[in-house]
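Please read it with the structure open beside you.

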Amino acid sequence: MSYFGLDRVSKLFRIIQQNGGIRASLYKLYRMDDLKEGRLVGEDKYGNKYYENPYFFYGRNRWVEYSPDFSTDYDGSQIPADWFGWMHYKTDLPPDRDGTRPKYKWMVDHSENMSGTPGQYMPYTTTRPKIEAWDPSKKQ
């Protein structure tokens, strides 16, 4: 059966079926640039879904599908710290199944890195600059 490539065709149909049909698969391919099949391990409170497939190479067998709220504007800083540990093989237990993780009241909620966006942190100063840029229109 693998001689004619029928196993790859059946795998393609299985991936399309797991992703919710042709239309949903094309949308996911547009957003993520990749279609994979895998076992849903969990979902965080931001809507990101985490998958695992042990048939892929180690280091490539865990991935995240970001929430549709991010559209195509997603990056790695949108993964919370507890799922970051699972994604990078620091633990084999996902955070929703690991009861030994501490939850202290001083722990703040996760926030993504806003650098390069309009919401980025921009420090300001109340002192005059020591060096001023030359302005040719200003007469002395």
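**Notes on the model**

1. Of the 140 residues in the protein chain, 26% count as buried, where buried means under 20% relative accessible area, exposed over 50%, and partly exposed in between (1.4 Å probe, protein chains only).

2. This is a predicted model, in which local features need pLDDT of at least 70 and side-chain atom pairs count only at pLDDT 80 or more, while totals for chains, interfaces and linings use all residues. Residues are numbered from 1 along each chain as its sequence is written, and side-chain values use heavy atoms, with hydrogens and water left out.

3. The protein chain contains 3 helices and 3 strands, in the order α-α-β-β-β-α along the sequence. Helices (H or I, at least four residues) and strands (E, at least two) are DSSP runs, numbered from the N terminus.

4. The radius of gyration of the protein chain is 23 Å, whereas a compact globule of 140 residues would have one near 14 Å. This radius is taken over C-alpha atoms, and the globule rule is 2.2 Å times the number of residues to the power 0.38. The C-alpha atoms fill a box of roughly 85 × 45 × 25 Å along the principal axes.

5. Among contacts in the protein chain (heavy atoms within 4.5 Å) between residues at least 6 apart in sequence, 40% join residues at least 24 apart.

6. The structure holds 8 aromatic pairs. Rings of Phe, Tyr and Trp (its six-membered ring) pair if their centres lie within 6.5 Å; planes under 30 degrees apart count as stacked, over 60 as edge-to-face and the rest as tilted.

7. Why is the pair of Tyr50 and Trp86 edge-to-face? The ring centres of Tyr50 and Trp86 are 6.5 Å apart and the planes stand at 85°, so the pair is edge-to-face. Because Tyr50 lies in strand E2 (residues 49–52) and Trp86 in helix H3 (residues 81–87), the pair ties together parts that are 36 residues apart in sequence. Both Tyr50 and Trp86 are buried. Tyr50, Trp83 and Trp86 form one aromatic cluster.

8. Tyr51 and Trp63 form a stacked aromatic pair, 5.8 Å centre to centre with 15° between the planes. Tyr51 lies in strand E2 and Trp63 in strand E3 (residues 62–65), so this pair ties together parts that are 12 residues apart in sequence. Tyr51 and Trp63 are both buried.
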